[in-house]
Amino acid sequence: MEFAAKYRRLGRLGFDDWQIVSEVASAVSKMLREGRERGCPNLEDMIANIAVRTLDDLGIDRYSIMRGYLQGTTEDVRRVLRRIFPNIEQITRPPPHVVHAQPGATSRSSEAPIYVVPSNYGYGGGGKGRPRRRRRDKAIAGFIIGLVLLLIVIGAAWSLRHPPQTQQTSITTSSVSAQPNSTVTYTQSTIDPTWVSQFISIVNQYRQSSGAPPLQYCQWLSNFAYVRFETMIQNPAISHYGFDQDFNKYLSQYQGFLMVGEEGLYPSGYTPSEYVQNLQSEAPLHWEGLMNGNYTYYGYYIGYGPDYVIVGSCPVTEIPGPNIDIPQYLQSYGCSVELENTTWLVIELSNWCSG
């Protein structure tokens, strides 16, 4: 019913075939789990009939849908999906740059639907899609904490014997959106405007090598990034939560030509160059979004809020699209997750900057 409501609101142009399959797969997985817990008889038959009836009522031609992102889904989910979509063929991963359509948003030149690249996309999002943030087990974390405390004690004793001659001022990592200074060389892992500046500078070097124009800073997009952060932390279980509503509320007057891509990233502990390498190897959808030559401007917001973190090993390295139930998706791969507070880096990409 949640998918049906979303489909009626967005319409057929709001979904690629693989996205419809992904939405149905998520619902099927949940129904299988809850049905088994309640002892429902003939469970797969019942779920297939419900899904077929719902899709038929929505006017969706199930037989014409041939592309689905089935990698990692369980065998019982795949059995039900093949009953619902008889002609489905598996694709390895979603098409690059095409993750989620905004209804009525078209490019000025092609009048084709505009797609939001995975953010969030970020361990992060990935693109919100988003790359996933992981946490080692608590035993290792406890060892590290103990080691850090020991080093602090040693450092304090050393500072008493050797007081510093000068005192440096640190940069706050709180939520800021000041225009970055791209001339500063920065190799630390503190997430602040200078970190973002260096990160974008490295991204632009790769964009230049691929023939894409450099991304330019836009405060207007940073304002929207702040709006998106405040919305997404209200429901971190859903990737890129509330994007459609925020877009329609704040940007709908520009939808005739505006392209917007969103990436929700979680770069704590990385230097800018390390995080670029991490995105390239672990979050290719997010990296493709940053490389998209249709985008020429960016804005960002640094915030601190809740996010679902992978505990232990997990084959999933990024969430492949928006509106995905993240804990459910990860658990379907056998991954354990916990809700923790972490630093978010929300980046908005666009082909236009107001002001």
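**Close-up views of a predicted model**

**View 1. Helix H9 packs against helix H10.** In this predicted model, H9 spans residues 272–282 and H10 spans residues 284–291. The two helices meet at an angle of about 115°. Their axes lie 6 Å apart. H9 contributes Val-276, Leu-279, Gln-280 and Glu-282 to the contact. H10 contributes Pro-284, His-286, Trp-287 and Leu-290. By class, five of the contact residues are nonpolar, two are polar and one is charged.

**View 2. Strand E11 pairs with strand E9.** E9 covers residues 297–311, and E11 covers residues 336–350. The pairing is antiparallel and runs over 15 bridges.

View 3. Glu-263 stands opposite Ile-347 of E11.

**View 4. Arg-82 sits in helix H4.** The helix runs over residues 75–84. Arg-82 has a relative accessible area of 41%. That value falls between the 20% and 50% cut-offs, so Arg-82 counts as partly exposed. Ala-48 is 34 residues away from Arg-82 in sequence. In space, the C-alpha atoms of Arg-82 and Ala-48 are 9.3 Å apart.

Conventions
Residues are numbered from 1 along each chain as its sequence is written. This is a predicted model: local features need pLDDT of at least 70, side-chain atom pairs count only at pLDDT 80 or more; totals for chains, interfaces and linings use all residues. Side-chain values use heavy atoms; hydrogens and water are left out. Two strands pair if DSSP finds at least two bridges between them. Helices (H or I, at least four residues) and strands (E, at least two) are DSSP runs, numbered from the N terminus. Axes are lines fitted to C-alpha atoms, for helices over the stretch in contact, and angles run from 0 to 180 degrees between N-to-C directions. Contact means heavy atoms within 4.5 Å. Ala, Val, Leu, Ile, Met, Phe, Trp, Tyr, Cys and Pro count as nonpolar, Asp, Glu, Lys and Arg as charged, and the others, Gly among them, as polar. Buried means under 20% relative accessible area, exposed over 50%, partly exposed in between (1.4 Å probe, protein chains only).
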